[in-house]
Amino acid sequence: MTNPSPKTRRYIYRLVNAGLAVVVLYGVINGEQSAAFLLVANAALGLADANVDE
């Protein structure tokens, strides 16, 4: 399996952010849990959205 391109990783990262926002909005998880999930997503994708080259 090859690593996804930076564009794909950025897309996945944005989907995770949006999904977590919806889950927090509906009260399934709280803000602290959301932050923890974002840390895991960052580690798994090896990036933060702002650190991906075009």
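This is a predicted model: local features need pLDDT of at least 70, side-chain atom pairs count only at pLDDT 80 or more; totals for chains, interfaces and linings use all residues.
## The overall picture

The protein has 2 helices and 0 strands. Helix α1 covers residues 6-25, and helix α2 covers residues 31-45. There are 54 residues in the protein, and buried ones make up 17% of them.

As for the surface, the protein exposes about 4,100 Å². Carbon and sulfur atoms supply 61% of that area.

## How the helices pair up

Two packed helices are described by the angle between their axes and by the distance between those axes. Here, the axes of α1 and α2 come within 10 Å and cross at roughly 170 degrees. Angles over 145 degrees count as roughly antiparallel, so that is the label for α1 and α2. As for handedness, α1 passes α2 in a right-handed crossing.

Who does the touching? On the α1 side, the contact is made by R9, I12, Y13, V16, N17, L20 and V24. On the α2 side, the residues are S34, F37, L38, A41, N42 and L45. Sorted by class, this contact has 9 nonpolar residues, 3 polar ones and 1 charged one.

## A look at S34

Let's pick out S34, which lies in helix α2 and takes part in the contact with α1. Is S34 buried or exposed? Its relative accessible area is 10%, and the cut-off for buried is under 20%, so S34 counts as buried.

Leaving aside residues up to four places away in sequence, S34 touches L20, V24 and I29. Two of these names, L20 and V24, also turn up on the α1 side of the helix contact. S34 and A21 are 13 residues apart along the chain, while their C-alpha atoms are separated by 7.9 Å.

With a relative accessible area of 38%, N30 is partly exposed, whereas S34 is buried.

How far apart are N30 and L20 in space? Going from C-alpha to C-alpha, the separation between N30 and L20 is 9.6 Å, and in sequence they are 10 residues apart.

Key:
Residues are numbered from 1 along each chain as its sequence is written. Side-chain values use heavy atoms; hydrogens and water are left out. Axes are lines fitted to C-alpha atoms, for helices over the stretch in contact, and angles run from 0 to 180 degrees between N-to-C directions. Helices (H or I, at least four residues) and strands (E, at least two) are DSSP runs, numbered from the N terminus. Angles under 35 degrees count as roughly parallel, over 145 as roughly antiparallel, 65 to 115 as roughly perpendicular and the rest as oblique. A crossing is left-handed if the near helix is turned anticlockwise from the far one by less than a right angle, and right-handed if clockwise. Contact means heavy atoms within 4.5 Å. Ala, Val, Leu, Ile, Met, Phe, Trp, Tyr, Cys and Pro count as nonpolar, Asp, Glu, Lys and Arg as charged, and the others, Gly among them, as polar. Buried means under 20% relative accessible area, exposed over 50%, partly exposed in between (1.4 Å probe, protein chains only). Accessible areas come from the Shrake-Rupley method with a 1.4 Å probe; for residues, only the protein chains shown count as cover.
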